[in-house]
Amino acid sequence: MTLRLPPLVDLPSALLDRLTPLAAAAGAPAVMYARISEDRVGSHLGVDRQLEDQCDLYVRHGLRLVGVYADNDLSAYSGKPRPDYIEMMGVVEAGLAGVITAWHTDRLHRYPTELEAYIGMCEPRSVATHTVKAGYIDLATPSGRMVARQLGAVARFESEHKAERIARARRQGALAGRYLGGRRPFGFEPGGMEVRAEEAVEIIAATEGLLSSAETLSSLVRSMNARGVLTAFGAQKWTTPALRDVLLRPRNAGLSVYRGEVVGKALWPALVPEDRWRMLVALLTDPGRRVTPGAKPRWLGSGLYVCGACGATEMRVQSGGWSNAKVHNRAPTYRCGNREAVVEGGHFARRAVNLDDFVERLLVARLARPDAVDLLRAPASAVDTVDLSARAVELRQRLQQLDDDLDEGRIGRDRWLRRNERMRGELDSLSAELTRASAADPLVGLAGLPDIAAVWFGLREDRGDGLSLTRRRAILARLATITVLRAGRGRRSDGSYFDPAAVGVEWLG
């Protein structure tokens, strides 16, 4: 016969030499099972030893081996499905094996419910259980089932005790600011203690871009994907939820966490100041924050350019420009959407591509001047964002306790409504104050750079590596008021129709 071998384990030749003769025995058909909860180096040595020790059972009882099943690095206590265990029980249920062997009963199950399912499968079929360490378990008799349940209870106790020790050690490690392990966090090297510079820059830039309203999560994701920034796991595509999770991590601010709560300062360096991180958390977790604000502007000056005829900031791009009996121009064109003001001669319009290009080059030229750094606003330091964040967390906890009191009858509904309304009002005020405090200057990280044009426009033809439209619009609103004036008819001397003199520029700083 062909011996069924576990797919997850490459068995060494010496072990195969011991298993193969067992398949030719004439005794009762039996299946062999092994499991190890943790295999950090992937060597399978624990599984191999369990299988090797079971070979003596087959020789001693004259059993015929019909299958070998092994779940490597899977904990029975965790409750996660064990593929080989499930397949083995299917073989037993089909009547293809009358004996199950294991190194110990705790390799088969650690949950009482799982043990009862095992007994329910084996008892009516008179399936015997032989183990290396616990001996023979006869599930067909009350005393045998009692022994199995007692062994299961002991195994459960040991698992829970081990889990408690691990939890205590992890808590102590978190309080001491140590790295608790796991997958490599984005922004840090394996081991979680040393910074990976190129990824840390992405976290810092994203944090400041969001706080300054110069970027959105979506624009940041598009930019990172266009530039080929990989995730910590080597994936080539970022998603908005994934980036949001990375930016909300307390470890970015050098804070240690245990079970989702900040417990103190960490030993690894902070990527962003704690107050800036708390501002970002307030911004991204604000319940009133609009995640889907509707149609987004696709052009630089939409809603920002001023119509020189009526003074409204209602300039929007339309696909059709102007037409007459001979010519129809379908180029995208800024037109004033203010229908309340009747202007003699009509509102002004300007071809969108030409106007945006002219304004962008004006902004780049302004930022390229030596005095551009003087445009930066002085940082506000009057708001204690750490205190605001702590108060907001406390209020949320009190609201949760208030809900629990209502559910359990410790407080009446009228009293709950009054307290809930008052605390919700306080929380809304705190959230608004934190959001205002999070506003930063969109020029941070840009003013004073040696090659503004390369950063602004990017080096790729599609501008995917340049500044996002969101940030360019924020800089425009910060630096200048652009007014579309009446333009003369006909071509200019250089052969173009665009007249820079028909664009009013008022610098704001």
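Because the model is predicted, local features are reported only where pLDDT is at least 70 and side-chain atom pairs only at pLDDT 80 or more, whereas totals for chains, interfaces and linings use all residues. Residues are numbered from 1 along each chain as its sequence is written, and side-chain values use heavy atoms, with hydrogens and water left out.

The secondary structure of the protein chain comprises 15 helices and 13 strands, where helices (H or I, at least four residues) and strands (E, at least two) are DSSP runs numbered from the N terminus. Of the 509 residues, 41% count as buried, a term that denotes under 20% relative accessible area, with exposed standing for over 50% and partly exposed for values in between (1.4 Å probe, protein chains only). With contact defined as heavy atoms within 4.5 Å, 64% of the contacts between residues at least 6 apart in sequence join residues at least 24 apart.

Two packed helices are described by the angle between their axes and the distance between the axes. For helix α8 (residues 217-226) and helix α9 (residues 240-247), the axes come within 9 Å and cross at roughly 105°, the axes being lines fitted to C-alpha atoms, for helices over the stretch in contact, with angles running from 0 to 180 degrees between N-to-C directions. Helix α8 is therefore roughly perpendicular to α9, given that angles of 65 to 115 degrees are classed in this way, those under 35 as roughly parallel, those over 145 as roughly antiparallel and the rest as oblique. The contact is made by L217, S218, L220, V221 and M224 on the side of α8, and by T240, L243, R244 and L247 on the side of α9. These residues divide into 6 nonpolar, 2 polar and 1 charged, where Ala, Val, Leu, Ile, Met, Phe, Trp, Tyr, Cys and Pro are taken as nonpolar, Asp, Glu, Lys and Arg as charged, and the others, Gly among them, as polar.

The loop between α8 and α9 also contributes to an aromatic pair, one of 4 in the structure. The ring centres of F186 and W238 lie 4.9 Å apart with their planes at 80°, so the pair is edge-to-face; rings of Phe, Tyr and Trp (its six-membered ring) are paired if their centres lie within 6.5 Å, and planes under 30 degrees apart count as stacked, over 60 as edge-to-face and the rest as tilted. The pair links distant parts of the chain, since F186 lies in the loop between α6 (142-175) and α7 (197-211) and W238 is 52 residues away in the loop between α8 and α9. Both partners are buried, F186 at 4% relative accessibility and W238 with a relative accessible area of 3%.

The loop between α6 and α7 also holds G177, which is buried with a relative accessible area of 0%. Its C-alpha atom is separated by 8.4 Å from that of V263, 86 residues apart along the chain. Leaving aside neighbours within four places in sequence, G177 is in contact with S256, K265, A266, L267 and W268.

Two further helices are mostly covered. In helix α10 (residues 274-284), 9 of the 11 residues are buried, among them the charged-type positions E274, R276 and R278. Helix α15 (residues 469-479) is largely enclosed by the rest of the structure, because 8 of its 11 residues are buried, namely R471, R472, R473, A474, I475, L476, R478 and L479. These buried residues pack against α11 (352-368), α14 (452-457), β12 (480-484) and β13 (503-507). Within α14, I452 is buried with a relative accessible area of 3%, and, not counting residues up to four places away in sequence, I452 touches V364, L367, A368 and L446.

Two loop residues, by contrast, are exposed. S126, in the loop between α5 (112-122) and β4 (128-131), has a positive phi of about 55° although it is not a glycine, and its relative accessible area is 56%. P81, in the loop between β2 (64-72) and α3 (83-93), has a relative accessible area of 63%.
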